[in-house]
Amino acid sequence: MESVGVYGFCGCKAKNKLKCDSRWEITAAETAPTSEYSSPARSLGDTGITPLSPSHIVNDANSNASEQQTFLVVVAIDFGTTSSGYAYSFTKEPECIHVMRRWEGGDPGVSNQKTPTTILLTPERKFHSFGYAARDFYHDLDPNEAKQWLYLEKFKMKLHTTGDLTMDTDLMAANGKKVKALEIFAYALQYFKEQALKELSDQAGTDFENSDVRWVITVPAIWKQPAKQFMRQAAYQAGLASPENSEQLIIALEPEAASIYCRKLRLHQMIELSSKAVVNGYSGSDTVGAGFAQAKEHIRRNRQSRTFLVENVIGEIWSELEEGDKYVVVDSGGGTVDLTVHQIRLPEGHLKELYKATGGPYGSLGVDYEFEKLLCKIFGEDFIEQFKIKRPAAWVDLMIAFESRKRAAAPDRTNPLNITLPFSFIDYYKKFRGHSVEHALRKSNVDFVKWSSQGMLRMSPDAMNALFKPTIDSIIEHLRDLFQKPEVSTVKFLFLVGGFAEAPLLQQAVHTAFGDKCRIIIPQDVGLTILKGAVLFGLDPALIKVRRSPLTYGVGVLNRYVEGKHPPEKLLVKDGARWCTDVFDKFISADQSVALGELVKRSYTPAKPSQLVIVINVYSAEHDNVSFITDPGVKKCGTLRLDLTGTSSTAVPARREIQTLMQFGDTEIKATAIDIATSKSVKVGIDFLNY
């Protein structure tokens, strides 16, 4: 059997070559790169296939020709770094969004519309509990017993910070033991699946099947493709959907979901911070804290109802937007901050991503890290590290105490904030150092943190505000850079959303820096904005029309060698012909606008009719300036293997056409190869985790 196609990773040895009249040649290879340079095309065998036509883009409305599945309900899961939750809407009542049942547990001063993203496994590594239940059970364990249990929190950030994410990436539990990340994410999603199906069944009075549900999972827009794929794989493992029925699951980008919800906002559902107008009776001269406090009180009064009515109209703010108007969505969560620029497209009001998502790890976790650094400064890094390992449950307690005080920080606060130290912290410190916590504070030269006789750290408001400063400064700096871009110069609105957007210190900083440039809008109940928008997106995925491609995609080919243009080491002489190997043939460029359902379509023909296996390998790169598949940063991310054995050759024309299509625009990217004569086809999802 002969195997041909577009070849593999840089440095591979190709098995066959593909030749054509238009002086193109494409090769196949499947071996890993070698340490020395060796061209994939050095050991080419028989002739292969050639392009029949130049590449072209097709806006194919029927590209999703697979019959649209109908679902009874859309359930969206906001899988956050610090807290998570779900919401749903029945497709027959799309104007009603139901937020999940109230969670058991909860902390003083913290909304329990969501639950902490915490998970507990038994010593045998079996799932035990999630959220408040996991945290409270772990807290109540005997300290020696707690060391055997696997407790994980804030683990979502691992997907953003791991450069070489794979299906085998590990997470570390509080006791220092490692566990597979895929397993933890799947456990968490399975928990939400079971909770949601139980609630739906209780509400409907009949058992709801998973097949009745379209699932939506939200992820940060700045996540790289491997992290987005990882979340989909975890959902498959949790049983939300399957690779064969991938349309049942939508991976939604968090700022897009927020954008969709913001378009529905009525005046009574938002607070405007900027000085350009008066909304809700608050002008820019009112303090940020006062306006937001009144809004929060309004939310608290109305929180008994978990059902939000979304009127089938465009909100007042949105109705002021005209064709081509731009706005920024700043999604500030626990782990990351996403900055996305959208443009309105009329008459339908569809959204177009105008500038690719930027941002970074500047979520509210940054404030926690600063608090930990402060504790290290006072008590010593060696002690804090030991305490986290030896008394993991008490460390969790300490961070819970800090979280509730963190939420009380405000620009105009004058009275100090008290943080309770767990008894085991005080006791363990005395054993570790031989002197008291109070003594450590006196010796530390940290003037703005004092010891109170009630067993608390007493922080001045300035000390607490200083913990916020590095994270908020990073957000403001990123926004300033964004506003320098020509595409962003005429932004009309800035929507501040996500859990960290509740922080008055962040609101004030954004208002001070940008209040004179655009109108700054914060939706009420801002922490649920993404969740509710994700439900709306699941009900109508076509709301997002144009995205920016995060990567450059292409295939490896051979081209006619041109003296002086191509590097000498790329020269391959075969049968008297001079070829340039390893050429990167681009399908689409990074940051290029891509419409939903847009296809890049190319046709090839085998040089020999006897060729029966065609292999096409797809590559990606983060930058646009790619010439060869051996360039730094070029990665193999997909293989199409079209096996034509067993097909009749009688009806096949002399120039057999193999059509290759790559579909962009969705969160996932799909590639297809079709043998036109027999209609035999093969599909593959672009894969960033297994190459």
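**Disulfides.** I looked for disulfides first, taking each as a pair of cysteine sulfur atoms within 2.5 Å, and the count came to zero. I was working on a predicted model, where local features need pLDDT of at least 70, side-chain atom pairs count only at pLDDT 80 or more, and totals for chains, interfaces and linings use all residues. Residues are numbered from 1 along each chain as its sequence is written, and side-chain values use heavy atoms, with hydrogens and water left out.

Are Cys518 and Cys580 buried or exposed? I took buried as under 20% relative accessible area, exposed as over 50%, and partly exposed as in between (1.4 Å probe, protein chains only). Cys518 is buried at 1% relative accessibility, and Cys580 is buried at 0%.

**Helix 9.** Next I turned to helix 9, residues 365-379. Helices here are DSSP runs of H or I with at least four residues, strands are runs of E with at least two, and both are numbered from the N terminus. From first C-alpha to last, the 15 residues of helix 9 reach 21 Å, close to the 21 Å expected (1.5 Å times one less than the number of residues). Twelve of the 15 are buried, so helix 9 is largely enclosed by the rest of the structure. Among the buried ones I noted Asp368, Glu370, Glu372 and Cys376. Just after the helix, Gly380 has a positive phi of about 100°.

**Ser246.** Where does Ser246 lie? I found Ser246 in the loop between helix 5 (225-238) and strand 16 (249-253). Ser246 is buried, with a relative accessible area of 15%. Leaving aside residues up to four places away in sequence, Ser246 touches Arg232, Tyr236 and Lys670, where contact means heavy atoms within 4.5 Å.
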